[in-house]
Amino acid sequence: MRNIIELWKRWIARVKGDCFLEEIRYIAYLKAKARNFEPGHEWEDWFEAEKEVVSRHYEKYANNLSIN
């Protein structure tokens, strides 16, 4: 478990250099638009968009990190 946590910390530190906040915002916007901006789903849209972006970028970074 400790190794997974260390890998996650390294990945987060490296990803902070990339700006994918705009990508999350755009995907959340598209999700809201698909629902005709029905209120009450803002957090759900955001977290789903965040999950998509993180999973898309994780593979890119995971291959470059190693656990010591």
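This is a predicted model: local features need pLDDT of at least 70, side-chain atom pairs count only at pLDDT 80 or more; totals for chains, interfaces and linings use all residues.
View 1. Partly exposed covers the range between buried, under 20%, and exposed, over 50%. F37 sits in the loop that runs between helix 2 and helix 3.

**View 2. A nonpolar patch on the surface.** F37 belongs to a nonpolar surface patch.

**View 3. Two aromatic pairs.** A pair of aromatic rings is described by two things: the distance of the centres and the angle of the planes. The count here comes to two aromatic pairs. One joins Y29 and F37. The centres of Y29 and F37 lie 5.7 Å apart, with 45 degrees between the planes, and the pair is tilted. Y29 is partly exposed, at 41% relative accessible area. W43 and F47 form a stacked pair. Here the figures are 5.6 Å centre to centre and 25 degrees between the planes. W43 and F47 are four residues apart in helix 3, so about one helical turn separates them. W43 is exposed, at 64% relative accessible area. F47 is partly exposed, at 46%.

**View 4. The largest nonpolar core.** Six residues make up this core: F20, I24, I27, A28, A49 and V53. Helix 2 (21-34) and helix 3 (42-62) each give two or more residues to the core. Helix 2 gives the most, with three.

**View 5. Contacts of V53.** V53 is one of the core residues. Which residues does V53 contact, leaving aside its neighbours within four places in sequence? They are F20, E23, I24 and I27.

Note on methods
Residues are numbered from 1 along each chain as its sequence is written. Side-chain values use heavy atoms; hydrogens and water are left out. A nonpolar core is a set of buried Ala, Val, Leu, Ile, Met, Phe, Trp, Tyr and Cys residues joined through side-chain atoms within 4.5 Å. Buried means under 20% relative accessible area, exposed over 50%, partly exposed in between (1.4 Å probe, protein chains only). Contact means heavy atoms within 4.5 Å. Patches are made of residues with over 30% relative accessible area and no salt bridge: like charges are joined within 9 Å, nonpolar side chains (Val, Leu, Ile, Met, Phe, Trp, Tyr) within 5 Å. Accessible areas come from the Shrake-Rupley method with a 1.4 Å probe; for residues, only the protein chains shown count as cover. A salt bridge is a side-chain nitrogen of Lys or Arg within 4 Å of a carboxyl oxygen of Asp or Glu. Rings of Phe, Tyr and Trp (its six-membered ring) pair if their centres lie within 6.5 Å; planes under 30 degrees apart count as stacked, over 60 as edge-to-face and the rest as tilted.
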